[in-house]
Amino acid sequence: MNYENLVAVIRRLALEAGDKIMEIYNSDDFEVKSKSDASPVTEADEAADALISAGLREAFPDMPLVTEEQADSHDVDAMTFLIVDPLDGTKEFVNRRGDFTVNIALVEDGVPTFGVVYAPAKERMFYTDSVGNSVEEMGPFDKDAPGEVKPIKVSSPDNSALLVVASKSHRDQATDDYINKYSTADMKSAGSSLKFCLVATGEADIYPRLGRTMEWDTAAGQAVLQGAGGRVVRFDDHTPLAYGKAGFANPFFIAYSPDVALKEA
């Protein structure tokens, strides 16, 4: 894999998908359907998926591709593959809250190594560079030439005053009970994979997730966080969150700066 080419391709595809998503987001109305698990899907999910999938298959024809919106890809059995959530945070999109992202990642030997997270409504873009270090691009988001980028790095947190980020749409009592084990200075809510990015930039110290997620929800965000010095572990035993699992469902997990003193489940 030519990582420089990979980064250029996934960055461009994320921006192109973001344009398509915003075109639909800013329209007067858009169709919302329900998938078999009752989760919402919109024409924006489908349009972004078609664009990204075509681009990845053209650029990397020999690489297995897993994408949320193509059920037949959920049977892929591989430890190295590309994985896509074309519109993460569909509920945020439907409710016009802006906290939705385009996620594209490369998983190698069960570990997300390169990824891009683009939040078009927030005009924020995070990705790993060609050597796996994470940056935030400041704009103007030209498709062919990156603008100003700044390296990002996780915080050196104060364990007596932690900054916590949690899900906006999937918050529950179990999550609050776990957060209450920590001494917190601030709690914020965010949608989609932006939560990983807030930890990656040091805007938050820890993000616990005690709810259902799939590998396409987390791979790009995890790659960005790891490239900024962060970690993602299983909630139950604090071992690294692995990828390429049958069915691609994740266990509960914690994303955090390594200087956070983790509490037991």
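These legends walk through several close-up views of a predicted model.

**View 1. Six annotated binding-site residues come together.**
The UniProt record, an unreviewed entry, gives the annotation "binding site" to Glu68, Leu87, Asp88, Gly89, Thr90 and Asp217. These residues span 150 residues in sequence, yet no two of their C-alpha atoms are more than 12.3 Å apart, so they gather at one spot.

**View 2. Glutamate 68 sits in a loop between two strands.**
Here we look at glutamate 68, in the loop that runs between strand 3 (65–67) and strand 4 (81–88). Is glutamate 68 buried or exposed? Its relative accessibility is 18%, so glutamate 68 counts as buried, since buried means under 20%. Setting aside residues up to four places away in sequence, glutamate 68 touches Lys35, His74, Val84, Asp85 and Trp216.

**View 3. Glycine 89 lies in the loop between strand 4 and helix 3.**
Helix 3 covers residues 90–94. Glycine 89 is buried as well, with a relative accessible area of 17%. Which residues does glycine 89 touch, not counting those up to four places away in sequence? They are Asp99, Phe100 and Ser192.

**View 4. Three aspartates share another annotation.**
UniProt also places a "binding site" feature, again from an unreviewed entry, at Asp85, Asp88 and Asp217. Although they span 133 residues in sequence, no two of their C-alpha atoms are more than 6.5 Å apart, so the three gather at one spot. Aspartate 85 belongs to strand 4, and aspartate 88 is found in strand 4 too.

**View 5. Aspartate 85 is buried, and its relative accessible area is 0%.**
Leaving out neighbours within four places in sequence, aspartate 85 is in contact with Glu68, Thr101, Val102, Asn103, Trp216 and Asp217.

**View 6. Aspartate 88 is buried, with a relative accessible area of 8%.**
Beyond its neighbours within four places in sequence, aspartate 88 has contacts that include Asp99, Phe100, Ser192 and Asp217. Asn103 is another of its contacts, and a polar contact of 3.2 Å joins the side chains of aspartate 88 and asparagine 103.

**View 7. Arg124, Glu136 and Glu203 form a salt-bridge network.**
The whole structure holds 10 salt bridges. In one of them, glutamate 136 pairs with arginine 124, and the closest N and O atoms are 2.9 Å apart. This pair links distant parts of the chain, with glutamate 136 in strand 8 (residues 134–137) and arginine 124 in strand 7 (residues 124–128), 12 residues apart. Arginine 124 also meets glutamate 203 in a salt bridge, at 2.9 Å from N to O. Here the partners are 79 residues apart, and glutamate 203 sits in the loop between helix 5 (194–200) and strand 12 (206–209). Glutamate 136 counts as buried, at 5% relative accessibility, whereas arginine 124 is partly exposed at 22% and glutamate 203 is partly exposed at 27%.

**View 8. Aspartate 236 and arginine 234 meet in a salt bridge.**
The distance from N to O is 2.7 Å. Aspartate 236 is partly exposed at 44% relative accessibility, and arginine 234 is partly exposed at 27%.

**View 9. Asparagine 2 caps the N-terminal end of helix 1.**
A side-chain oxygen of asparagine 2 lies 3.1 Å from the backbone nitrogen of glutamate 4. Helix 1 has 23 residues (residues 3–25), which should span 33 Å at 1.5 Å a residue, and its end C-alpha atoms are 32 Å apart, in agreement.

Key:
Residues are numbered from 1 along each chain as its sequence is written. This is a predicted model: local features need pLDDT of at least 70, side-chain atom pairs count only at pLDDT 80 or more; totals for chains, interfaces and linings use all residues. Side-chain values use heavy atoms; hydrogens and water are left out. UniProt positions are given in the numbering used here, feature names are shortened, and annotations may be inferred rather than shown by experiment. Helices (H or I, at least four residues) and strands (E, at least two) are DSSP runs, numbered from the N terminus. Buried means under 20% relative accessible area, exposed over 50%, partly exposed in between (1.4 Å probe, protein chains only). Contact means heavy atoms within 4.5 Å. The expected span of a helix is 1.5 Å times one less than its number of residues. A polar contact is a pair of N or O atoms within 3.5 Å; within protein, one must be able to donate a hydrogen and the other to accept it, and residues adjacent in sequence count only if both atoms are side-chain atoms. A salt bridge is a side-chain nitrogen of Lys or Arg within 4 Å of a carboxyl oxygen of Asp or Glu.
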